[in-house]
Amino acid sequence: MATAAPKKKATSTQYEAVIGLETHCQLNTETKIFSPVSTAFGTPPNTNISAICLGYPGVLPVLNEKVLEYAVKAGIALNCQIAPYSKFDRKQYFYPDLPKNYQISQYDLPIAEHGWLEIEVVEKPGDEPIRKKIGITRLHMEEDAGKLVHAGSDRLAGSTHSLVDFNRAGVPLLEIVSEPDIRTGAEAAEYGQELRRIMRYLGISDGNMQEGSLRCDVNISIRPIGQKEFGTKVEIKNMNSFSAIQKAIDYEIERQIKCLETGEKIVQETRLWEEGSQKTVSMRSKEGSSDYRYFPEPDLPPIEVSVEQMNQWKGELPELPAQKRHRYEEELELSAYDARVLTDDREIAEYFESAIAQNANPKQVANWLMGDIAAYLNSEKLSIGEIALKPSILAELVNLIDQGTISGKIAKEILPELLTTPIDSLQKFVESKGMIQISDTGELEKIIDKILSENADKVEQFRNGKTKLQGFFVGQIMKETSGRADPKLTNQLLGKKLKG
């Protein structure tokens, strides 16, 4: 049953939350972990199945080598120790969408342990990010279960009947377990996002939470600040976005503090996050750890990763998000905010780096990417690779503005066409449209003299103290030149002539 959120905020400064995340990351291999069946999402129910993933008697699983490669690469990216020897185990439990009545997973000898990742948390807009390392306890490979569809309700309670779809059974997963180093909902959300960034950079998962490619369960307890012992742990499930993770944790922290302050017992249980009511609600009690009766999987041999193989996979890793953020700040002198936005998506970061390789100003390239171009991508629901504007043309745009060949106003006017029409030379493009900026002093002076003579009364008003009229004259000059007058030079020359 849901506990109402406290009207008044509890004294959270006296308590701290201890939070750990268990994250299941679906790998984007073409076939399942132990059978050569497609992992394609969205196919009709029970079409991507085989005797192996349905657990028919006498069938034998065979490990998909890509799954091992992806697991090792993920472990290295998360600064883990890669096990030279690991094995698979059977995790015994009954559930309607688990056809074998056990799951092939890893128990005491996982493929990777003892790692960490770095998060950046911004407490208030405009603040410098606070960097923190979150420990990774372990990373292991396992198979996914199927999916239950409850007719008439999204939960078992209230449904008229349930259907099972085994398409997901046997899809490869990485389970990544964090240390209980997280203290706030904001840290947990950022941990999840950084984990997804890393997986996407590696190209091993799309991390789409709406499709279940990334699923996070939260373990949270509260204790008085200074106490070493953990409080009673509560698990939260059913969160399909990072904002939901943050809101669920923030709610649960306040709920548990209120329990401690009123003497209400905190029960070890699993709770669900209800997006509609913005509350956690009790799902089931969990008095102790489940006994899954693990034992080594007899149908799969142990895994041994040679030093040569591990070094090869390590050499194939890209520069990771945190490394890029640091480099952009230190070498390119970008702000922490700019570095964070540019590195959120690997494709954007690579586009940015291709542009600045053409000797374009990094800050100006960043401004275009995070401003007008990002707005276009969002409105059209496109990726950076789907637009016509090549990095070399964006670099040329920035350089032509810096050189005074075109103005920023002209650049904004031509950008919509550049985003949809491929060109080979921006210089030739603006020349063909007659958009080259007028930077010749003599030519500008003739235009200024014409405008001043046509507006002699306003010149007199300016000289009598109405200095704001300079903006009017600049506007007339821009109108006369179709926006091609060099703004800086125009203002300099105009100022001298107006003062007489």
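**A contact and the sheet around it**

Author: The side chains of Glu235 and Thr270 are joined by a polar contact of 3.1 Å, a polar contact being a pair of N or O atoms within 3.5 Å where, within protein, one must be able to donate a hydrogen and the other to accept it, and where residues adjacent in sequence count only if both atoms are side-chain atoms. This is a predicted model, in which local features need pLDDT of at least 70, side-chain atom pairs count only at pLDDT 80 or more, and totals for chains, interfaces and linings use all residues. Residues are numbered from 1 along each chain as its sequence is written, and side-chain values use heavy atoms, with hydrogens and water left out.

Reader: Is Glu235 buried or exposed?

Author: Glu235 counts as buried because its relative accessibility is 7%, and buried means under 20% relative accessible area, with exposed over 50% and partly exposed in between (1.4 Å probe, protein chains only).

Reader: And where is the place of Glu235?

Author: Glu235 sits in strand S12; strands (E, at least two residues) and helices (H or I, at least four) are DSSP runs, numbered from the N terminus.

Reader: Changing topic, how many strands form the open sheet?

Author: The open sheet has 9 strands, in the order S2-S6-S7-S10-S1-S11-S12-S13-S14, with mixed pairing, where two strands pair if DSSP finds at least two bridges between them. Its edge strands, each pairing on one side only, are S2 (81-82) and S14 (279-285).

Reader: How many bridges join S1 to S11?

Author: There are 11 bridges between S1 (residues 15-26) and S11 (residues 214-224), and these strands run antiparallel; Leu21 has Val218 in S11 as its bridge partner.
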